[in-house]
Amino acid sequence: MQLIGKMWSRYSFFEKSGLPSELASRGFDEDFDMPNYLFREDGMNLWNAYGTFAKDFVDEIYDSDEDVASDTVVQEWAIETTDASRGAVPGFPTSFKDKDTLVRVLQTLMWIPSGLHAAVNFPQYDYYGFVPNKPMGMRASLDSLPDKDSDIRSWMFEFFFPHVSSGEEWLKMDASLESTQTAHILTLPSNTCIDNLSDNFAKTGTKAYAKFQKNLDKITDGVNDRNKESKKAKKAVYSYLNPSVVPASIDI
């Protein structure tokens, strides 16, 4: 809790949750030459698409900055989110005086539970699916890890993996499958990805979302084409930020 409190005391909504500023804070902005940093490449494509969508959506709803400033519901949202006894989100606008600020907030909020969550969550299967990376049924302390590299492999199989001879016991404990099952559950595909939400915009934001879908289709085509080339070259593919699998929100 102390760590969380310390982090939260330094948190700023736009600075820490906006992709460009978050990348820059780690020294990985777009000026930093790092080929194949696909989280940044695909993430920025998605981030920019969100920005265009947010602007188009806000333009459909509000004609002017004055309309935003006079919208009591939007103002109440800002008050509730920043109030110390309620949302208490540092750096979130205490009021909305113009359309641009509202666009920035929507862009950031769309990114956090969709693109950012997908990039952090979905790689878990690739890691946890290989049991030695995160064994959930170890039968020996790491203190007993052999010193000789030649002995480590057999030691890992002996103490990290379930034994065939003791299969019934392990299955009862669910230990033999727990690691991969946990990762599988955490990475189940979403039924509401960002590119199939037309029904949600049937009455409001229809034009904005239709344009957004076209932008997402271009991003998807680019990711698929790149992955095809990567497979041909026997290189790893990166699909975590392909719009066709990016959930609209955290729905697991």
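Modeller: A residue counts as exposed when its relative accessible area is over 50%, and as buried when that area is under 20%. Keep those cut-offs in mind. The model is predicted.

Now the patch. Asp63, Asp65, Glu66, Asp67 and Asp100 gather there, on the surface. Helix H5, residues 65-69, gives the largest share, three residues. Asp63 sits in the loop between helix H4 (38-61) and H5. Is Asp63 buried or exposed? Its relative accessibility is 70%. The cut-off for exposed is over 50%, so Asp63 counts as exposed.

For contrast, take Thr220. Thr220 lies in helix H12, residues 206-232. Its relative accessibility is 11%. The cut-off for buried is under 20%, therefore Thr220 counts as buried. What does Thr220 touch, leaving aside neighbours within four places in sequence? Its contacts are then Asn242, Pro243 and Ser244.

Now the setting. The chain has twelve helices and zero strands. Of the 252 residues in the chain, 35% are buried. The accessible surface comes to about 15,700 Å². Carbon and sulfur atoms account for 54% of that surface. Consider also the contacts between residues at least 6 apart in sequence: 64% of them join residues at least 24 apart.

Back to the patch, in brief. Three of its residues come from helix H5. Asp63, in the loop between H4 and H5, is exposed at 70%.

Note on methods
Residues numbered from 1 in each chain as written. Predicted model: local features only at pLDDT ≥ 70, side-chain atom pairs only at ≥ 80, totals over all residues. Heavy atoms only, no water. Helix = DSSP H or I, 4+ residues; strand = E, 2+ residues; numbered from the N terminus. Buried < 20%, exposed > 50% of the residue type's maximum accessible area, 1.4 Å probe, protein only. Contact = heavy atoms within 4.5 Å. Areas by Shrake-Rupley, 256 points an atom, 1.4 Å probe, with all protein chains shown as cover. Patch = residues over 30% accessible without salt bridge, like charges linked within 9 Å, V, L, I, M, F, W, Y side chains within 5 Å. Salt bridge = Lys/Arg side-chain N within 4 Å of Asp/Glu carboxyl O. Lys, Arg positive; Asp, Glu negative; His and termini not counted. Charge placed at Lys NZ, Arg CZ, Asp CG, Glu CD.
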